[in-house]
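The paragraphs that follow lead a new reader through one structure, step by step. Please look at the chain as a whole before turning to the details.

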Amino acid sequence: MKRLITYAFFSLILFSTVYFAANEIEFTEYTLDNGLHVILHEDNSTPIVAVSIMYHVGSKNEDPERTGFAHFFEHLMFEGSANIPRGEYFKIVQKNGGTLNANTSFDRTYYYQVLPSNQLELGLWLESERLLQLNIDSIGVETQRSVVKEERKQRLDNQPYGSILEEIFTRAYKEHPYRWTPIGSAQYIDMATLDEFMDFYDMYYVPENATLSIAGDIDVDEAKELVEKYFGTIPSGKREIVRPEIVEPPMQAEIRDTVYDNIQLPAVLMTYHIPAQGTEDYYAINMLTTLLSDGQSSRMYKSLVDEKQLALQAASFPFALEDPGLFIAFGLVNVGVDPLELEKGMEAEIEKVKNELIPEKEFQKLRNQIEADFISGNQTVAGIAESLSNYHVYFGDAELINTEIEKYMSVTREDIKRVANKYLQHDKRVVLHYLAKSQEPKK
Amino acid sequence: MKINRSTKPAPQGKLEINLPAVEKFNTDGDVPFYFVRKNDLPIVNLRLIFRAGSKADPVGKTGLTYMTSMLLDEGAAGLSTFEIDAGFENLGTGFSISTTQDSIYISLLSLNENLEQSLDLLGKIVNSPDFTEESFGIEKHKLVNKIKRKNDDPAYIAGNAFENHLFKDSGYAHPALGYSDDIERITNDDVKAYYKKYLVRENLTLLAVSSIDSGDLEKLLKQYIFPVQIGKTAVESISLNPEEDGRFIFVHKDNSAQSEIRIGHRTGLRGEENYYSKILLNTIFGGQFSSRLNLNLREDKGYTYGIHSGFNYYREAGFFEISTSVQSEVTHDAVAEIMKEVTKLASGITDEELKFAKSYLIRRFPALFETYGQLVNHLTAMINHDLPSEYFATYLDNIRSVTKKEVENSIGLINPSRLNTLIVGNKDTALEKFKNVENSNFSMGNLKNV
């Protein structure tokens, strides 16, 4: 969703990417005896280093009666360890000039610190401590329960259109654990016990389920030694890691619904199922969304915002996920416009892609844009560390940081037309209209 | 290998920091140009700053600066809006225009090899905007809708209402987007007149972070961007009313799931000598995760996902602001805790806190210069506040040399009796416990006027 809101900024970061596409990101990778995968990238241009760990666990690994668990656990990872008292984790990093944060998605949980490069050892000590011997107590749990509830309110409940993802995913998925979102439900956060947290930690926070990715002003050999020193003796997990195997059955009919929110401008959302990230068709769909909505000369923006003035914003994006995800088209309806009229306008643009081959010139612009978008994360060491982890965790191939662009470049105009017809079908979609609460029929 | 995990590792070696050298000179026609050479990538990040922001909006026509800036690229020198957008997108050039209270920023991020073509487009936008009636109608409609959208966001409402109160009757009182009623009154002739009056050479400053050297870049700018129209109309200085005692303002918003809280008052300008003391004070008080405010309201009480404070600076005014959003039911308790923290400041800070704050600011300094975008933003601040070009080079020493006494002296700049409290929330759940606020000091804000 960030992309929708920071649209103007998005185009600003395109450029460096073209250059990077031509300049390989070199890295070293290996696996420790305990199963921890390590990726190291040296870049000495700024004296900083990003130290990150990606754990292959997200909301889709949760018990349906404990939604929000993985994200809540992410908060607990800052509570301290055997050697780091409660409340000190942030202080230690900040006092040493570092920034740190973490986030949880449907598929993984990611922790990162960016430190002055002479503090690499500190970063490794901190991350290894919480992997080896996290300390969770009831005071910490109780406080974070309240904090996470306020996070949910700030991001969703008190945010116009904040519930969009939740409302979409709960309708688009009936079986698969993507039917709830990472923020989860406040009710379940209250129910989780200390034992359940420790059990989750034992299962998922183990070296063989983690990728340590380090990028920045390092000496690779020295970094290897330090990694061995702090992570080498951490024991592997003793249990088999449970991963969901549920396959979402195809939709049989369109789902159409209305959500009433604290808003003035209605919104229209059209959602279709798409294949998992990394599949051939996924790349074609990704290019299709760029065609429709990346930049002010994109089709949806030009037609719906500028020409017909039906929408204040119009966009589409693929929700890239490890299991089959969603394509979401989104429009904010201008005052006085019927949401159905905008829906027809959005649909007309989708139909056009289904029926007509994209003109050569427009296709070329699209390829330029994709090429730029592809590596837009690679201008910071933090971005590089995360991309390397992503490619390893999802595809077992960190080298994709340099080669994934080829998959996009092999997509043809015919492919885009084909995937539009194959996946964007009327009878297999979720259509949501967001309307003002004042329009809600009285019960 | 057996290791001792009980003590945290010390830093390995000293850090070498290469600070960006800022060149400052005047180009042709006396336009100031701030330049930093950065060679990591073959790109140029360029920004034109016109010293003409929303504070220059005429009374009753707020949003005029924003409208004018948005219309610049909606057709120019015979090129349509679409041709301009597609032109930049084909080149892979990032282009954006933004409006603040003090300035208009026109920014470009271009590959070296496409720079001339990008500048050609940029020159047309700056020098020959068409300002057609049709584009005017479209952009006006967009802006009114955009404001409607923003006014659903409690954080936007709170920020605007708070500054409206602090700066009432001045050019800083309204948001850069303006108010819908005012925008309805703006005509295309107003836009043209504004452009002619303020987007002139004497109001222009240039900055670039670039892998092309300053001389070559200057030649290109001369060819494509100049002539910017000659003119001398500076935006009038704002005049502020004397500040009154703090007030308590509650803005009711139906169905609020949280209360948005803003607490603060006006303070001094960016250029004042105690700037570094204030940074250190705020770092301790509310400027980062481990601050007093956040440790209390988030990590101890669990009232909020986060709380932050800061000394904020416009070109001609400054203000101190604490901001957070909290659970409705604990709104009163949260405000009480914040006030407790403010009061506690009077007993000073500890040596350990000062050491932490200095270490935090000094050690994170190298990370502030990683990207082109970061440098552009630093230069922008330098220009907005007329900072010396050796600002970066002296920053660390300036932080190091602040004494505990100096930080404690700056505590007096936060005056509890002058603090204004503004809350956007649900009156049914959040307001009741505030009944001890004196009537004379209390007002209900109106959603319509924020």
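In this predicted model, the centres of domain 1 of chain A and domain 2 of chain A, taken over C-alpha atoms, are separated by 28 Å. The domain assignment places domain 1 at residues 24–231 of chain A and domain 2 at residues 255–439. Where these two parts meet, 40 residues from domain 1 of chain A and 40 residues from domain 2 of chain A take part in the contact.

The size of an interface is often given as the accessible area lost when the parts come together. Between domain 1 of chain A and domain 2 of chain A, the buried area is about 3400 Å², and carbon and sulfur atoms give 67% of it.

Polar and charged groups also meet across this interface, where 18 residue pairs are in polar contact and 3 salt bridges are found. A salt bridge also joins the side chains of A:Asp257 and A:Arg171, with 3.0 Å from N to O.

On the side of domain 1 of chain A that touches domain 2 of chain A, the elements that give two or more residues are strands E2 (37–42), E3 (48–55), E5 (109–116) and E6 (210–216), together with helix H8 (164–172), of chain A. Of these, H8(A) gives the most to that side, with 7 residues. Sorted by class, the side of domain 1 of chain A that touches domain 2 of chain A has 19 nonpolar, 12 polar and 9 charged residues.

Definitions and conventions: Residues are numbered from 1 along each chain as its sequence is written. Chains are lettered from A and ligands numbered from 1 in the order in which they are written. This is a predicted model: local features need pLDDT of at least 70, side-chain atom pairs count only at pLDDT 80 or more; totals for chains, interfaces and linings use all residues. Side-chain values use heavy atoms; hydrogens and water are left out. Domain bounds come from an automatic or database domain assignment. Contact means heavy atoms within 4.5 Å. Buried area is the accessible area (1.4 Å probe) that two parts lose on being put together, summed over both. A salt bridge is a side-chain nitrogen of Lys or Arg within 4 Å of a carboxyl oxygen of Asp or Glu. A polar contact is a pair of N or O atoms within 3.5 Å; within protein, one must be able to donate a hydrogen and the other to accept it, and residues adjacent in sequence count only if both atoms are side-chain atoms. Helices (H or I, at least four residues) and strands (E, at least two) are DSSP runs, numbered from the N terminus. Ala, Val, Leu, Ile, Met, Phe, Trp, Tyr, Cys and Pro count as nonpolar, Asp, Glu, Lys and Arg as charged, and the others, Gly among them, as polar.
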